[in-house]
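Here are a few notes to read alongside the model. Have it open as you go through the points.

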Amino acid sequence: MRRATLAVAGILAAVAVGCAPAGDGGREHSGDIPLPGQEWALGDGKVTAAEYRTAVNRFVSCVRDAGYPVGAPVRSPADNLTLIYDITPSGDPTTYNEAVQRCNLAHLSMVEPAFVEAHTQVMDRPLRAAVSACVKRQGVHLTTRERNLADFAASAEDETKVVDCVTGQWRHVYPELPSVVPLRF
């Protein structure tokens with residue numbers, strides 16, 4: 001079951017990265033057109049917190065309607081912007097992945113990165129302290145001004161070290177939160 005959850009996280013990350021905005025509400029250039037199910041939030045070139053929450057709620061409802069339990073969305077301590085949730089896969093993995101991907105493309109794949117990337121990401125202090133200690137153990141010299149993933153990656157000169165530290169420390173710092181968290185630099 002954990003593999004299926006990780007597979008979906010990979011799909012969602014790939015879609016989110018592939019649809020990341022260039023500062024214009026999810027459109028890389030003026031010829032890009034938002035997906036029909038997301039146009040309502042992207043049409044004016046920005047996504048509000050309320051629009052993002054609505055898109056997440058529509059995604060969650062879509063996945064639930066497809067027959068998969070989804071936990072209540074909570075704000076990610078990794079950036080204090082992204083809403084995260086657990087999805088419990090069951091049955092055929094291909095059917096499950098297709099259902100989640102269909103819901104993601106219909107409701108969230110362009111809205112989420114447009115919202116998150118338009119705001120300043122700030123990692124929660126407990127996770128920031130754990131990530132700081134982890135990268136220091138790897139020989140990275142920090143400035144003490146690191147507040148988000150991009151800051152840590154710049155100091156480490158290596159995104160992989162930062163990702164490894166965040167994912168390695170996540171379950172220790174936040175055992176009650178969803179186990180999969182999207183990371184954006």
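1. A word you'll need below: a residue is called buried when its relative accessible area is under 20%. With that cut-off, both C62 and C103 are buried. Keep in mind that this is a predicted model.

2. Of the chain's elements, helix α3 has the highest mean pLDDT (98), while helix α1 (residues 2-18) has the lowest (40). The pLDDT is below 50 over residues 1-31, though in the model that stretch has 54 contacts beyond near neighbours in sequence. I'd read that part with care.

3. Now the cysteines. How many disulfides does the structure hold? There are 2 disulfides, and, counting bonded cysteines along the chain, they follow the pattern 1-2, 3-4. In general, such a link is a covalent bond between the sulfur atoms of two cysteines.

4. S61 lies in helix α3, and its C-alpha is 8.8 Å from that of C103, although S61 and C103 are 42 residues apart in sequence. Is S61 buried or partly exposed? S61 counts as partly exposed because its relative accessibility is 36%.

5. The other link runs from C134 to C165, at 2.1 Å from S to S. It connects distant parts of the chain, 31 residues apart: C134 is in helix α6 (residues 125-137) and C165 in helix α8 (residues 159-173). The link of C134 and C165 is left-handed too, with -75° about the S-S bond. C134 is buried because its relative accessible area is 10%, and C165 is buried because its relative accessible area is 0%.

6. Finally, the insides. The largest nonpolar core has 26 residues, and Y52, F59, V63 and I87 have the most contacts inside it. Helices α2 (39-42), α3 (49-65), α4 (93-107) and α5 (111-116) each supply at least two of its residues, with α3 giving the most, 7 residues. Leaving out residues up to four places away in sequence, Y52 touches V47, L81, T82, L83, L108, V111, E112 and F115. A second, separate core has 20 residues, including A78, C134, F152 and L177.

Definitions and conventions
Residues are numbered from 1 along each chain as its sequence is written. This is a predicted model: local features need pLDDT of at least 70, side-chain atom pairs count only at pLDDT 80 or more; totals for chains, interfaces and linings use all residues. Side-chain values use heavy atoms; hydrogens and water are left out. A nonpolar core is a set of buried Ala, Val, Leu, Ile, Met, Phe, Trp, Tyr and Cys residues joined through side-chain atoms within 4.5 Å. Buried means under 20% relative accessible area, exposed over 50%, partly exposed in between (1.4 Å probe, protein chains only). Helices (H or I, at least four residues) and strands (E, at least two) are DSSP runs, numbered from the N terminus. Contact means heavy atoms within 4.5 Å. pLDDT is the predictor's confidence in each residue, from 0 to 100. A disulfide is a pair of cysteine sulfur atoms within 2.5 Å.
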